[in-house]
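Visitor: Please show me the model. I would like to go through its side-chain contacts and its pockets.

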Amino acid sequence: MSNPLPVTVRTATSRDSLEVRRILDGAMLEIGDVDARIDAGDVFVATSAREHPRESDAERVLGALVCEPREHERGANVSAVAVRRRQRARGVGTALVERALEREGALTARFDESVRPFYDSLGFSITRIDDRRYEGERRRSA
């Protein structure tokens with residue numbers, strides 16, 4: 001990881017909707033109704049203070065994580081996690097996953113082989129689903 005960024009992770013609000021969509025689109029991730037997920041409190045954003053903030057624009061959204069609560073189990077599924085291209089490998093995705101894990105207690109995720117190193121680095125227990133997809137799970141330490 002190069003130069004970790006000082007980020008704040010918080011639950012997204014309706015004001016974050018456009019930026020969350022842009023970040024997810026930039027990562028080519030489709031999660032459906034972003035506004036409904038934000039309204040349900042299931043979206044986290046990682047922000048950083050801008051170097052030269054304008055009054056109405058004091059923080060910048062660097063990444064987003066979308067959770068989907070599990071129906072019959074404690075925890076949530078990570079539907080999407082995305083970070084702005086220039087901010088990748090700087091701890092933003094890790095901060096998002098850690099915050100979601102803190103709140104949910106347990107996370108699962110399904111992902112392609114290309115992002116397996118990310119989930120490995122976060123301590124997810126990973127199993128192969130098929131020749132291109134994996135599933136990972138991590139529980140918060142007691």
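Visitor: Are Phe-111 and Tyr-119 buried or exposed?

Guide: This is a predicted model, numbered from 1 along each chain as its sequence is written; local features need pLDDT of at least 70, side-chain atom pairs count only at pLDDT 80 or more, totals for chains, interfaces and linings use all residues, and side-chain values use heavy atoms, with hydrogens and water left out. Buried means under 20% relative accessible area, exposed over 50%, and partly exposed in between (1.4 Å probe, protein chains only). Phe-111 has a relative accessibility of 3%. Phe-111 and Tyr-119 are both buried.

Visitor: How many aromatic pairs does the structure hold?

Guide: Rings of Phe, Tyr and Trp (its six-membered ring) pair if their centres lie within 6.5 Å; planes under 30 degrees apart count as stacked, over 60 as edge-to-face and the rest as tilted. By that rule, the number of aromatic pairs is four.

Visitor: At what angle between the planes do Phe-111 and Tyr-119 form their aromatic pair?

Guide: The centre-to-centre distance for Phe-111 and Tyr-119 is 4.3 Å. The pair is stacked, and the angle between the planes is 15 degrees.

Visitor: Phe-111 also pairs with Tyr-134. How many residues apart are they?

Guide: This pair is stacked too, at 6.2 Å centre to centre and 15 degrees between the planes. Phe-111 sits in strand β5 (residues 106-112) and Tyr-134 in strand β7, so the pair links distant parts of the chain. Strands (E, at least two residues) and helices (H or I, at least four) are DSSP runs, numbered from the N terminus. The separation is 23 residues.

Visitor: Which residues form one aromatic cluster?

Guide: Tyr-134 is buried, at 3% relative accessible area. It belongs to one aromatic cluster, whose members are Phe-111, Phe-118, Tyr-119, Phe-124 and Tyr-134.

Visitor: How many salt bridges does a search of the whole structure find?

Guide: Side chains of opposite charge can pair when their charged atoms come close. Here a salt bridge is a side-chain nitrogen of Lys or Arg within 4 Å of a carboxyl oxygen of Asp or Glu. The search finds 14.

Visitor: Which parts does the salt bridge of Glu-98 and Arg-138 tie together?

Guide: The N to O distance in this salt bridge is 2.8 Å. Its partners are 40 residues apart in sequence. Glu-98 is partly exposed at 30%, whereas Arg-138 is buried at 17%. The parts tied together are helix α3 (residues 92-104) and strand β7 (residues 133-139).

Visitor: In the salt bridge of Arg-139 and Glu-137, what is the N to O distance?

Guide: Arg-139 is partly exposed, with a relative accessible area of 48%. Glu-137 is partly exposed as well, at 30%. Their side chains meet at 2.9 Å.

Visitor: Which element gives the most to the lining of the largest pocket?

Guide: On a 1 Å grid over the protein atoms alone, a pocket is an open set of points with protein on both sides within 12 Å along at least five of seven lines; lining residues have an atom within 4 Å of a point. The lining has 35 residues, and Leu-29, Val-81, Ala-82, Val-115 and Phe-118 lie nearest the centre. With seven residues, the top contributor is β4.

Conventions:
1 Å grid on protein atoms, 1.4 Å probe; cavity = no way out; pocket = protein on both sides within 12 Å on 5 of 7 lines; lining within 4 Å.
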